[in-house]
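Trainee: I have a chain to look through with you. Can we go residue by residue?
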Amino acid sequence: MASQKQLVAVVAETMGVPIESVTVIDRYLAEAGLRTRALRGRGQTPMTYRDGAHLIIATAWEANPKDAVALVTKFGQLQALQVAEDSSIAEDALGATFAEALANSLESVPEHRQQFGAHEDNPDHMSLRVVMRQPHSEADIILHKDGRKHTFQYRQHWDRDRGHVAKGDLSRSAEFTQITLGFVGESIADGVDR
């Protein structure tokens with residue numbers, strides 16, 4: 001069963017962030033209603049995939065824990081814009097928002113462990129990379145499947161109407177792969193009834 005403490009520990013380990021920082025981030029998310037509230041007493045509250053997605057988003061930036069709620073709100077609400085390489089794939093095939101897509105990825109990566117672990121030369125090989133960028137708060141989920149690349153783009157709602165937004169000189173990004181999603185997803189799956 002993946003408890004709140006277990007989820008914090010696996011996110012801290014896989015993201016390479018001190019567990020004390022992730023614990024504080026988790027507390028801020030819980031207080032803001034962005035994480036399942038723990039049960040009182042000795043009962044363990046099973047964490048959801050959305051809880052994991054929010055904790056990963058907040059942890060990825062190594063920002064001040066007080067900024068966790070703002071980061072999750074800003075990135076979690078990014079809307080599916082398009083699949084860059086292929087217009088025949090629905091832009092919201094992974095999820096309508098970035099948080100939803102990340103939560104769905106946390107669930108699906110462990111289920112496809114063999115494909116994600118296969119060598120690049122194997123026709124069944126799959127890989128997934130997540131890139132989050134600031135200051136314009138945008139994210140891409142790049143899925144390699146069946147020998148093809150699919151870049152699911154997530155942007156602020158107003159970006160859809162304005163089109164391309166000019167970028168300033170300074171841009172920061174945070175990246176992680178199916179490895180993080182697999183470890184965190186497996187931890188959560190241990191607590192999910194199937």
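Mentor: Start with P135, which sits in the loop between β2 and β3 (138-145). Helices (H or I, at least four residues) and strands (E, at least two) are DSSP runs, numbered from the N terminus. This is a predicted model: local features need pLDDT of at least 70, side-chain atom pairs count only at pLDDT 80 or more, and totals for chains, interfaces and linings use all residues. Residues are numbered from 1 along each chain as its sequence is written, and side-chain values use heavy atoms, with hydrogens and water left out.

Trainee: Which residue does a cis peptide bond join to P135?
Mentor: Most peptide bonds are trans. Here omega is about 20°, and the bond is cis. The partner of P135 in that bond is Q134.

Trainee: How many helices and strands does the protein chain have?
Mentor: Read the elements from the N terminus: α-α-α-α-β-α-α-β-β-β-α-β-α. The total for the protein chain is 8 helices and 5 strands.

Trainee: What is the radius of gyration of the protein chain?
Mentor: The radius is taken over C-alpha atoms, and the globule rule is 2.2 Å times the number of residues to the power 0.38. For 194 residues the rule gives 16 Å, and the chain's own value is close to that, so the chain is as compact as a globular protein of that length. The radius of gyration is 17 Å.

Trainee: Is R133 buried or exposed?
Mentor: R133 lies in strand β2 (residues 127-134). Buried means under 20% relative accessible area, exposed over 50%, partly exposed in between (1.4 Å probe, protein chains only). R133 has a relative accessible area of 18%, so R133 is buried.

Trainee: With which side chain does the side chain of R133 make a polar contact?
Mentor: Contact means heavy atoms within 4.5 Å. Leaving aside neighbours within four places in sequence, R133 is in contact with residues including W61, F75 and R155. A polar contact is a pair of N or O atoms within 3.5 Å; within protein, one must be able to donate a hydrogen and the other to accept it, and residues adjacent in sequence count only if both atoms are side-chain atoms. At 2.7 Å, the side-chain partner of R133 is D140.

Trainee: What distance separates the C-alpha atoms of L94 and F152?
Mentor: L94 lies in the loop between β1 (79-83) and α5 (98-111). L94 is buried, with a relative accessible area of 17%. Among the residues L94 touches, not counting those up to four places away in sequence, are I141, F152 and Y154. L94 and F152 are 58 residues apart along the chain, yet their C-alpha atoms are separated by 7.9 Å.

Trainee: What is phi of E62?
Mentor: Most residues other than glycine have a negative phi. E62 lies in the loop between α3 (49-60) and α4 (68-76), and E62 counts as exposed at 64% relative accessibility. Its phi is positive, near 50°.

Trainee: Where is D146 found?
Mentor: D146 has a positive phi of about 55° although it is not a glycine. D146 is exposed, with a relative accessible area of 58%. Its place is the loop between β3 and β4 (148-155).
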